[in-house]
Amino acid sequence: MRKNCLNILVTSSQLVPTISKTLLYGLSGAFEIENIYSSAKIGKESCFERIATRFGRKCTYVVIGDGRDEEVSAKQLNWPFWRVTTHSDLAALHHALDLGYL
């Protein structure tokens, strides 16, 4: 994890299966349980709004995803969106983070 950064997971699945998957796949070190949100009942945009309310509007948010709903919700809040559909997309994201572009 990067200094002064926080990973937040927003999923369209229910919370219990998502938390179980983070443990199963060894991602629990990247996402603290209180920073996992489910948009199953309220939608992505509402989740993003809750996150902005919790952490403030002065933070820099970057939405990373593969779906159109994440992209639309991010754009409505004027947050950058990084589409990830392949391993090379993740490599490019890592490079952009290293260079300080995001």
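Strand S3 (63-65) and strand S4 (81-83) are among the elements that cover the buried residues of helix H4, where contact means heavy atoms within 4.5 Å and buried means under 20% relative accessible area, with exposed over 50% and partly exposed in between (1.4 Å probe, protein chains only). The model is a predicted one, so local features need pLDDT of at least 70 and side-chain atom pairs count only at pLDDT 80 or more, while totals for chains, interfaces and linings use all residues. Residues are numbered from 1 along each chain as its sequence is written, and side-chain values use heavy atoms, with hydrogens and water left out.

Back to H4. Helices (H or I, at least four residues) and strands (E, at least two) are DSSP runs numbered from the N terminus. H4 takes up residues 87-98, 12 residues, and spans 17 Å from its first C-alpha to its last, close to the expected 16 Å (1.5 Å times one less than the number of residues). Its buried residues are Asp-89, Leu-93 and Ala-96. Viewed down the axis of H4, the buried residues fall within an arc of 65 degrees, so they line one face of the helix; the arc is that of the directions from the helix axis to the C-beta atoms. His-87 and Asp-98, on the other side of H4, are exposed. Just after the helix comes Gly-100, with a positive phi of about 80 degrees.

Now to the charged pairs. A salt bridge here is a side-chain nitrogen of Lys or Arg within 4 Å of a carboxyl oxygen of Asp or Glu, and the count comes to six. One of them joins the side chains of Lys-44 and Asp-69, at 3.5 Å from N to O. Lys-44 sits in helix H2 (residues 44-55) and Asp-69 in helix H3 (residues 68-76), so this pair ties together parts that are 25 residues apart in sequence. Lys-44 is buried, at 8% relative accessible area, whereas Asp-69 is partly exposed, at 40%.

Glu-71 turns up in two of the bridges described here. Its salt bridge with Arg-68 has an N to O distance of 3.4 Å, and both residues lie in H3, three residues apart, about one turn of the helix. With Arg-83, the closest N and O atoms of the bridge are 2.5 Å apart; that pair links distant parts of the chain, Arg-83 being in strand S4 and Glu-71 in helix H3, 12 residues apart. Glu-71 is buried, at 14%, Arg-83 is partly exposed, at 33%, and Arg-68 counts as exposed, at 56%. Together with Lys-75, these residues are linked in a network of salt bridges.
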